[in-house]
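Please consider the structure shown below.

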Amino acid sequence: MSVQDKVVVVDYGSQYTQLIARRIRELGVFCVIVPPSVSASELTQDGVRAVILSGGPSSVYGEDAPGLPDGFDALDVPVLGICYGMQLLARKMGGIVKPATEREYGRREIEVVRPGHLFEGLPRHQTVWMSHGDQVEHLEEQWEVLAKTDTCPWAAAQTKDGRLMGIQFHPEVHHTEHGKAIMDNFLTFAGCERTWRMSAFIEEQIRSIRERVGTARVICGLSGGVDSSVAAVLVHRAIGDQLSCVFVDNGVLRQDEDVEVEETFREHFHMDFHKVDAGDLFLSRLAGVENPEEKRKIIGHSFIEVFQEKARSFEDVRFLVQGTLYPDVIESVSAHGGPSQTIKSHHNVGGLPEVLGFELIEPLRDLFKDEVRAVGRELGIPARIIGRHPFPGPGLAVRILGEVTPKKVAILQHADAIMREEIQKAGIYDEIWQAFCVLLPVQSVGVMGDARTYENACAVRCVTSTDGMTADWYPMPYDVMATISTRIINEVRGLNRVVYDISSKPPATIEWE
């Protein structure tokens with residue numbers, strides 16, 4: 001992308017790094033995330049107006065602790081170190097970093113003793129979010145303290161020339177009372193132009209896609225989810241009937257999902273839409289498989305096979321559209337420059353271009369999820385598509401714990417449809433980031449009429465989140481919860497118990513597999 005001004009965030013492995021980038025973009029400035037192994041040329045290229053060093057789980061004194069990028073000394077733009085990033089700056093300039101006598105985690109009050117660049121116009125006392133075991137105990141005379149707590153004497157500081165700034169807390173999380181204002185002050189000092197807008201992004205992508213594609217044919221693997229839908233509509237806006245969309249019914253979709261997707265893209269957007277019914281194939285290959293990662297691999301490989309076969313029916317296809325997002329790109333590299341730990345594999349990231357021999361078009365690869373929804377709204381995609389809760393690529397296969405069978409899929413589809421119907425009827429669907437049912441491999445005793453039952457349990461999972469990186473369980477109103485439970489038990493054969501998942505992420509994940 002050709003963006004005039006941008007901020008580079010160096011990722012040291014913090015769970016909040018993506019939040020830093022999102023907050024910067026919310027303030028109208030483009031932002032990219034890079035590992036500490038980033039080249040000096042990328043840090044100093046035209047358009048970089050500021051650099052932010054993220055937090056991280058390491059100690060700056062650790063044997064394998066990631067250090068400052070090689071090109072750091074060549075920087076002549078403002079630098080903000082957050083938590084671990086501040087400790088790196090302190091150590092480089094002769095300061096003292098030690099284990100905190102009292103580990104600070106959670107909300108703490110700071111006292112601003114000098115506003116500097118970061119606290120201009122903000123209250124003297126404010127609540128911030130701390131998460132650190134080490135802290136800066138002393139900085140050399142070229143630094144001046146900006147804020148402190150009872151146990152952290154250097155909660156915020158900047159060099160006297162104002163170019164380097166450090167804060168021990170996390171302004172990117174919403175728990176920090178004036179976090180957005182602090183980051184806004186930093187961007188203002190850096191002289192960043194606020195030019196990051198979705199309308200401009202769309203115009204640039206359309207122009208770029210047209211220039212690149214020319215008169216060639218393009219194919220898109222359409223799932224009906226937010227990402228692939230927005231990617232398909234954006235590319236269709238650029239090249240029209242040169243795009244063909246392929247929808248693979250893998251047999252583990254939500255109830256009536258295939259009908260809804262076909263109606264939306266064939267009737268509403270008038271796209272060249274092709275549906276492949278492959279449910280029997282997918283379910284036969286899943287038979288007897290219980291390991292969740294194996295299920296994901298089977299579905300991913302089967303999708304490639306089915307898609308490849310369908311792709312052969314099109315002539316002169318040169319490009320493939322995928323709905324890859326920015327988190328998919330940056331999560332592939334850790335703070336040490338290598339691959340990140342795999343929590344779960346993505347069903348549609350990688351593989352297809354090499355297998356099919358197409359050039360890849362990923363128009364959303366620079367965007368976060370909330371930005372993708374904003375693009376969708378700009379493109380006029382119906383709210384029922386843009387507002388859809390995230391749905392995993394392997395579908396209900398990873399919401400059925402244990403072996404996947406046609407009977408289990410039917411049970412879960414029915415229960416899930418009831419749950420979604422009731423939260424929509426209650427007007428709370430949009431308050432929830434993701435809501436779904438999980439079929440548990442647990443049977444329990446129940447009573448229906450005068451008869452004893454011994455059937456499965458179903459878990460209802462509803463969470464609130466902004467990006468899926470962290471999530472809290474949604475406090476479902478009791479009357480809605482009771483209605484969902486009663487309907488599922490009465491209407492879905494095979495279930496006699498409903499439980500509500502009140503786990504947050506972390507330590508749990510949102511999905512159960």
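How many cavities of 30 Å³ or more does the structure hold? The structure holds 1 such cavity. The model is predicted, so that local features need pLDDT of at least 70 and side-chain atom pairs count only at pLDDT 80 or more, while totals for chains, interfaces and linings use all residues. Residues are numbered from 1 along each chain as its sequence is written, and side-chain values use heavy atoms, with hydrogens and water left out.

A cavity is here a set of points, on a 1 Å grid over the protein atoms alone, where a 1.4 Å probe fits but cannot get out; lining residues have an atom within 4 Å of a point. Grid points are joined across faces, edges and corners, and a volume is the space filled by probe spheres set on the points. The largest cavity contains about 30 Å³ of space. Its lining consists of Ile-400, Leu-401, Lys-408, Leu-439, Leu-440, Pro-441 and Asn-456. Strand β15 (residues 434-448) gives the most to this lining, with 3 residues; helices (H or I, at least four residues) and strands (E, at least two) are DSSP runs, numbered from the N terminus. By class, the lining comprises 5 nonpolar, 1 polar and 1 charged residues, where Ala, Val, Leu, Ile, Met, Phe, Trp, Tyr, Cys and Pro count as nonpolar, Asp, Glu, Lys and Arg as charged, and the others, Gly among them, as polar.

Attention now turns to strand β2. Because 5 of the 5 residues of β2 (residues 30-34) are buried, this strand is largely enclosed by the rest of the structure. Buried denotes under 20% relative accessible area, exposed over 50%, and partly exposed in between (1.4 Å probe, protein chains only). Phe-30, Val-32 and Val-34 point one way from β2, whereas Cys-31 and Ile-33 point the other way, and all are buried. Strand β1 (residues 6-10) runs parallel to β2 and is joined to it by 5 bridges; two strands pair if DSSP finds at least two bridges between them. Opposite Phe-30 in β2 stands Lys-6. Together with helix α1 (residues 17-26), β1 and β2 make a right-handed β-α-β unit, meaning that, with the strands pointing away from the viewer, the path from the first strand over the helix to the second runs clockwise.

Strand β8 (residues 156-159) is likewise covered on both faces: Ala-156 and Gln-158 on one side and Ala-157 and Thr-159 on the other are all buried. Strand β7 (residues 143-148) pairs with β8 in the antiparallel sense over 4 bridges, and Glu-144 has Gln-158 in β8 as its bridge partner. Strand β9 (residues 164-167) also runs antiparallel to β8, joined by 3 bridges, with Ala-156 opposite Ile-167. The hairpin formed by β8 and β9 has 4 residues between the strands, and Gly-162 in the turn has a positive phi of about 80°.

Cys-437 counts as buried because its relative accessibility is 0%, and Cys-458 is buried, with a relative accessible area of 0%.

Pro-475 is found in the loop between β17 (472-473) and α15 (478-491). Pro-475 is exposed, with a relative accessible area of 54%.

Technical notes:
1 Å grid on protein atoms, 1.4 Å probe; cavity = no way out; pocket = protein on both sides within 12 Å on 5 of 7 lines; lining within 4 Å.
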